[in-house]
Amino acid sequence: MSGYRDRIDLDLDLDRDRDRHPIGPRRVAFDWKTTPLHWIPDEPTATHVINVLHLLLPAGERWFVRVLKEGLPLVTDPELRDDVKGFMGQEATHSVQHSYVLDHLAEQRLPTQAYTRHVDFLFEKLLGESPPFGMPVTEREWLRFRLAVVAAIEQFTAVLGDWVLRAEGLDRAGADEIMLDLLRWHGAEEVEHRSVAFDMYQHCGGVGLARYARRVEGMVVVAPVLAWLWLWGASYLIRNDPEPGGPPRYSLGAHNRAVAKGLLPPWRELGMAIPRYFRRSYHPSQEGSLRRAVEYLAASPAARAAAGAVGRAAMS
Ligand SMILES: [Fe+2]
Ligand SMILES: [Fe+2]
């Protein structure tokens, strides 16, 4: 068994070397003043299905940071420690920037607290520092489970990140440039750090079959819960949309029409991310294109402005 484990660990190290890329936060800022509620013109369903990101990510990514910070003392590999710190900086920035979009939605008469308080409860109470309902789980096992959950969610953020970088349908539809830049900057950083939570889980998640089984368990929990939260969130936003003329409720037909126009990711692309993740030899460095992500970050107005601000601060 230990021979197998050594081989897996060696594979992971090689994967990380191959994928070695400095990870750090970019201190971006977005001005939402001119972004309309339906930021994909005449496409309320696609707009709100994507808007679910803003409902889930402020609390979700804050929670990622807390879980990885809790696990950081267990990381003995210095390169992985650097990656984890960079990951935490990126996710903290994502969380803050998406929370500003929630403020913008509220200013446009679409308040979201009636939904987000459930998301807060999920991440802060159910998945908090101690297991809920007095579950008889050791501290270490609870941390490992939550790391497996973060790694499974990161599988989807990498897939969505790569999709949004390729989603020319959004450009064709005249989607708001500020929102597109937020989504693509975030998507590119998700591709950039796609392996970090997985590597952290592998590093801290124990050994052998138990480690693999818990990784699978993370995905078995995450995939249906995420699908349900998304459906619920899209339904909430469409039902509470104050602009006249929109659909009365979320419909699968309207969703599928948006997929056909390239405004939302194809179901198959999302679904296939799951069996891939179940492969025992799987590593997220296989997901998406790091080159495409880096190219976008070099061109992103927000990332360029952030780099300029850092450069100016360094010179002064
Ligand atoms: Fe993120
Ligand atoms: Fe992420």
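Modeller: Let us begin with Asp42, which lies in the loop between helix H1 (2–18) and H2. Helices here are DSSP runs of H or I of at least four residues, numbered from the N terminus. This is a predicted model, in which local features need pLDDT of at least 70 and side-chain atom pairs count only at pLDDT 80 or more, while totals for chains, interfaces and linings use all residues. Residues are numbered from 1 along each chain as its sequence is written, chains are lettered from A and ligands numbered from 1 in the order in which they are written, and side-chain values use heavy atoms, with hydrogens and water left out.

Biologist: What is the phi of Asp42, and is the residue buried or exposed?

Modeller: Most residues other than glycine have a negative phi. Asp42 has a positive phi of about 60° although it is not a glycine. Its relative accessible area is 72%, so Asp42 is exposed; buried means under 20%, exposed over 50% and partly exposed in between, with a 1.4 Å probe and protein chains only.

A second case is Arg109, in the loop between helix H3 (78–107) and helix H4 (113–126). Arg109 is not a glycine either, yet its phi is positive, at about 65°, and with 58% relative accessibility it counts as exposed.

Biologist: What surrounds His186?

Modeller: For such questions, contact means heavy atoms within 4.5 Å. Apart from neighbours within four places in sequence, His186 is in contact with Leu57, Glu61, Glu91, His94 and His98. Its relative accessible area is 6%.

Biologist: Which protein donors does the iron ion (ligand 2) have, and how far is it from the iron ion (ligand 1)?

Modeller: Its protein donors are Glu91 (OE), Glu154 (OE), Glu154 (OE), Glu190 (OE), Glu190 (OE) and His193 (NE2), at 1.9 to 2.7 Å. The two iron ions lie 3.7 Å apart, with Glu91 as a bridge between them. Because Glu154 lies in helix H5 (residues 139–166) and Glu190 in helix H7, this pair ties together parts that are 36 residues apart in sequence. Glu154 and Glu190 are both buried.

Biologist: How is the geometry of the iron ion (ligand 2) classed?

Modeller: Six donors count as octahedral if opposite donors are over 155 degrees apart and all others between 65 and 115; four donors count as tetrahedral if all angles lie between 85 and 135 degrees, or as square planar by the six-donor limits, and anything else is irregular. With angles of 53 to 148° among its six donor atoms, this site is irregular.

Biologist: How does one judge a helix such as H2, and where does H2 bend?

Modeller: One compares its length with the expected span, 1.5 Å times one less than its number of residues. For the 28 residues of H2 this should give 40 Å, and its end C-alpha atoms are 40 Å apart, which agrees. A bend is the angle between axes fitted to the seven residues ending at a residue and the seven starting there. H2 bends by about 45° at Leu57, and a proline, Pro58, follows within four residues.

As for cover, 24 of the 28 residues of H2 are buried. Among the residues of H2 is His54, which has 0% relative accessibility. Beyond four places in sequence, His54 touches His98, Val101, Leu102, Met179 and Leu182.

Biologist: Finally, which residues touch the most other members of the largest nonpolar core?

Modeller: A nonpolar core is a set of buried Ala, Val, Leu, Ile, Met, Phe, Trp, Tyr and Cys residues joined through side-chain atoms within 4.5 Å. The largest one has 90 residues, and Trp63 and Leu170 touch the most other members. Its largest share, 15 residues, comes from H5. Setting aside neighbours within four places, Trp63 is in contact with Phe123, Leu127, Arg146, Val149, Val150 and Ile153.

Terms used. Donors = N, O, S within 2.8 Å, 3.2 Å for Na, K, Ca; no water. Helix = DSSP H or I, 4+ residues; strand = E, 2+ residues; numbered from the N terminus.
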